Amino acid sequence: MGTSGTTATNTTYREAMREALREAMRSDERVFLMGEDVGEYGGCFGVSLGLLEEFGPDRVRDTPLSESAFVGAGIGAALAGMRPVVEIMTVNFSLLALDQILNNAATLLHMSGGQLPVPLVIRMTTGAGRQLAAQHSHSLEGFYAHIPGIRVLAPATLEDARHMLAPALADPDPVVIFEHGTLYNASGEPAPPTAAVDLDHAAIRRPGTDVSLITYGGSLPKVLAAAQQLADEGIDAEVIDLRTLRPLDDATTAASVARTHRAVVVDEAWRTGSPAAEVSARIAEESFYDLDAPVERVCSAEVPIPYARQLEEAALPQTAGIVAAAHRAVG
């Protein structure tokens, strides 16, 4: 994909992320990438392939296998005026750096009275659907969306994969970007940007009048497929992509519910304490009198994610379950 944005060519989510990193590093010498296997190996999921050859080992830095250490180093670099992008291989490994993220990155601006911004971007792969079993299939976005002082992004489209990084790097607060592993091979012709990406607002991916399907990240393709199936059945579903999980865009969700009077929230996280629970609670608080039916939730089964493919598929939200929830809402 060309950097000019004037000609759309076929690309993948992975390549869009890579081009975003390349553009950021070319435009600002303070930007550098660090993490496990991001250099010669090109990243565990191939996002940084070729960047070491272009920018050299000072700006594409392989790190030891210590998430707490290299996230801490990223915080220090951000405090010193750099613009680090830290890659954590998968979300479960980020728990080893949770102290750095929660107690340092998220709090320093507040605790210093505004003197110590931490303009750090942390990227990590999230989600299931790839038979990586119970320890590598987590959807822990809700852990981070719970924390004041950070911004949490979940790009679900080629356009957001390509264009969310620049405003994230410009944010004075730490930004955590969750990249769903099933999206890396997603391909297509991304639409050219019409304006700078707005990290504060959700996106209406499909307008509709009968039911609001609200989701984010790796669940968006399943929700869009469900909306198409519902359309074939005569039900006009609106699809909302939250995009940013902290801060949540309540206004877009409320406006959608005001139009459709029904809501289904789809979230690959476990149901208990999930982002879906927060979104559902806010709809109940802010849009109760607009609802003609209870809010439906479609989440992962409350079990460690199984390895066996058929069990993994059964544990995760699927299109058929989303369609069924929409039917319950519509009645």
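This is a short chat about a few residues in a predicted model.

Colleague: Which residues gather in the patch of negative charge on the surface?
Modeller: Asp37, Glu40, Glu53 and Asp62 make up that patch. Keep in mind that the model is predicted.

Colleague: Where does Glu40 lie?
Modeller: Glu40 is in a loop. That loop runs between β2 (31–35) and α2 (51–55).

Colleague: Does Glu40 count as buried or exposed?
Modeller: Glu40 counts as exposed, because its relative accessibility is 71%. The cut-off for exposed is over 50%.

Colleague: New topic. Where is the place of Pro275?
Modeller: Pro275 belongs to helix α12, which covers residues 275–286.

Colleague: And is Pro275 buried or exposed?
Modeller: Pro275 is buried, because its relative accessible area is 10%. Buried means under 20%.

Colleague: What does Pro275 touch, leaving out residues up to four places away in sequence?
Modeller: Pro275 touches Gly142, Tyr216, Asp267 and Ala269.

Colleague: What separates the C-alpha atoms of Pro275 and Tyr216?
Modeller: Those C-alpha atoms are 9.7 Å apart. Along the chain, Pro275 and Tyr216 are 59 residues apart.

Colleague: Switching to Asp160. Which helix does Asp160 lie in?
Modeller: Asp160 sits in α8, residues 158–163.

Colleague: Does Asp160 count as buried or exposed?
Modeller: Asp160 counts as buried, because its relative accessibility is 5%.

Colleague: Which residues does Asp160 touch, again not counting those up to four places away in sequence?
Modeller: Asp160 touches Pro155, Val197, Arg205, Asp241 and Arg243.

Methods. Residues numbered from 1 in each chain as written. Predicted model: local features only at pLDDT ≥ 70, side-chain atom pairs only at ≥ 80, totals over all residues. Heavy atoms only, no water. Patch = residues over 30% accessible without salt bridge, like charges linked within 9 Å, V, L, I, M, F, W, Y side chains within 5 Å. Areas by Shrake-Rupley, 256 points an atom, 1.4 Å probe, with all protein chains shown as cover. Salt bridge = Lys/Arg side-chain N within 4 Å of Asp/Glu carboxyl O. Lys, Arg positive; Asp, Glu negative; His and termini not counted. Charge placed at Lys NZ, Arg CZ, Asp CG, Glu CD. Helix = DSSP H or I, 4+ residues; strand = E, 2+ residues; numbered from the N terminus. Buried < 20%, exposed > 50% of the residue type's maximum accessible area, 1.4 Å probe, protein only. Contact = heavy atoms within 4.5 Å.
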